Amino acid sequence: MKILYRLVFVAAAFFGAAGRSDASPRSRAVSLSEEHQVQLSAGEQVLVTNERETSFYPDIRVYQVVEGTPEEAMAVFADMGVRKDYQPYVVGTEILEGAGEPNTLVMWDLNVPTLGRKNAVYRQELSSTGCKFQLHVRAVKPPVGFESEDSTMSLEHAMLKGADGKFRMATLATYAARVDPSWWMRVVHPRSSHFKAYQAMVMAFSKQVSQERAEKTQLLEAQVRTLRKTIPQTCAAKIVSK
């Protein structure tokens with residue numbers, strides 16, 4: 001039974017992190033240390049946690065440099081149709097409300113080992129300010145084992161310091177997440193797996209962006225056009241940057 005609970009948690013963690021309305025992950029900024037900048041410049045992933053007095057699970061932030069522009073990366077992340085191609089346990093997604101609009105209601109169809117097919121429903125809000133793009137996700141119907149979820153993926157240009165002391169421009173992905181599991185999930189599930197699930201999701205997303213830029217440029221072009229129709233923006237960037 002313990003293994004069963006862990007499988008539920010890992011599958012659910014790929015969709016965001018839970019939070020309370022008074023402290024959404026998107027409302028809090030975290031500065032990257034020089035050490036973290038060097039790690040990111042070297043292609044490594046950075047995990048930052050912030051303990052919470054009201055929960056056993058901390059707020060987490062996963063940072064990673066991704067290829068291409070922030071616009072290209074968000075075009076991929078906001079495309080619900082390809083999530084099943086890179087997120088484990090995702091069978092498919094269905095937009096229940098707001099297709100083609102910044103604010104949508106989306107049902108996620110999951111195939112969890114041992115438990116079979118399950119679903120969860122999320123309110124998703126897409127926005128941009130200049131060349132910074134965000135997708136905020138809040139659970140309306142959380143996955144089994146969770147009371148609430150809240151997450152934000154931010155994609156923007158960042159100047160990162162390398163090991164040689166020089167600063168370079170990069171596209172930085174920041175996945176801020178908060179989760180409130182049910183009482184039995186808190187008892188049986190180790191926090192380390194909680195962290196690893198989010199890190200794995202961000203890594204899979206980064207690989208998807210790289211693959212599309214290298215092998216599926218027509219798909220990427222279509223995704224960028226869809227993003228530009230969905231939200232107004234002032235970011236001047238080519239559809240596909242090489």
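**Exercise 1. Start with Glu71: is this residue buried or exposed, and where is it found?**

Solution. Step one: at 1% relative accessibility, Glu71 counts as buried, because buried means under 20% relative accessible area, exposed over 50%, and partly exposed in between, with a 1.4 Å probe and protein chains only. Step two: Glu71 is found in helix 3, residues 70-77. Helices here are DSSP runs of H or I with at least four residues, strands are runs of E with at least two, and both are numbered from the N terminus. Step three: look along the helix. Eight of the eight residues of helix 3 are buried, so the helix is mostly covered; among them are Pro70, Glu72 and Phe77. Step four: check a distance. Glu71 and Thr171 are 100 residues apart along the chain, and their C-alpha atoms are separated by 9.5 Å.

Before you go on, a word about the model. It is predicted: local features need pLDDT of at least 70, side-chain atom pairs count only at pLDDT 80 or more, and totals for chains, interfaces and linings use all residues. Residues are numbered from 1 along each chain as its sequence is written, and side-chain values use heavy atoms, with hydrogens and water left out.

**Exercise 2. Now the overall picture: how many helices and strands does the protein have, and what share of its residues is buried?**

Solution. Step one: there are seven helices and eight strands. Step two: of the 242 residues, 49% are buried. The accessible surface comes to about 11400 Å², and carbon and sulfur atoms account for 51% of that; areas come from the Shrake-Rupley method with a 1.4 Å probe, and for residues only the protein chains shown count as cover. Step four: take the contacts, meaning heavy atoms within 4.5 Å. Among those between residues at least 6 apart in sequence, 61% join residues at least 24 apart.

**Exercise 3. Which residues touch the most other members of the largest nonpolar core?**

Solution. A nonpolar core is a set of buried Ala, Val, Leu, Ile, Met, Phe, Trp, Tyr and Cys residues joined through side-chain atoms within 4.5 Å. Step two: in the largest core, with its 43 residues, the answer is Met74, Phe77, Met153, Leu155, Tyr175 and Phe205. Step three: helix 6 (residues 191-215) gives this core its largest share, seven residues. Step four: there's also a second, separate core of nine residues, including Val46, Val48, Ala158 and Leu160. Step five: zoom in on Met74. Leaving out residues up to four places away in sequence, Met74 touches Leu126, Phe133, Gln134, Leu135, Met153, Leu155 and Leu227.

**Exercise 4. Which strands pair with strand 8, and in what sense?**

Solution. Step one: two strands pair if DSSP finds at least two bridges between them. Step two: strand 2 (residues 59-66) pairs with strand 8 in the antiparallel sense over seven bridges, with Arg61 standing opposite Ala176. Step three: strand 7 (residues 146-161) is also antiparallel to strand 8, over 15 bridges, and here Glu149 stands opposite Val179. Step four: the hairpin of strands 7 and 8 has five residues between the strands, and in it Gly165 takes a positive phi near 85 degrees. Step five: twelve of the 15 residues of strand 8 (residues 167-181) are buried, so this strand is largely enclosed by the rest of the structure.
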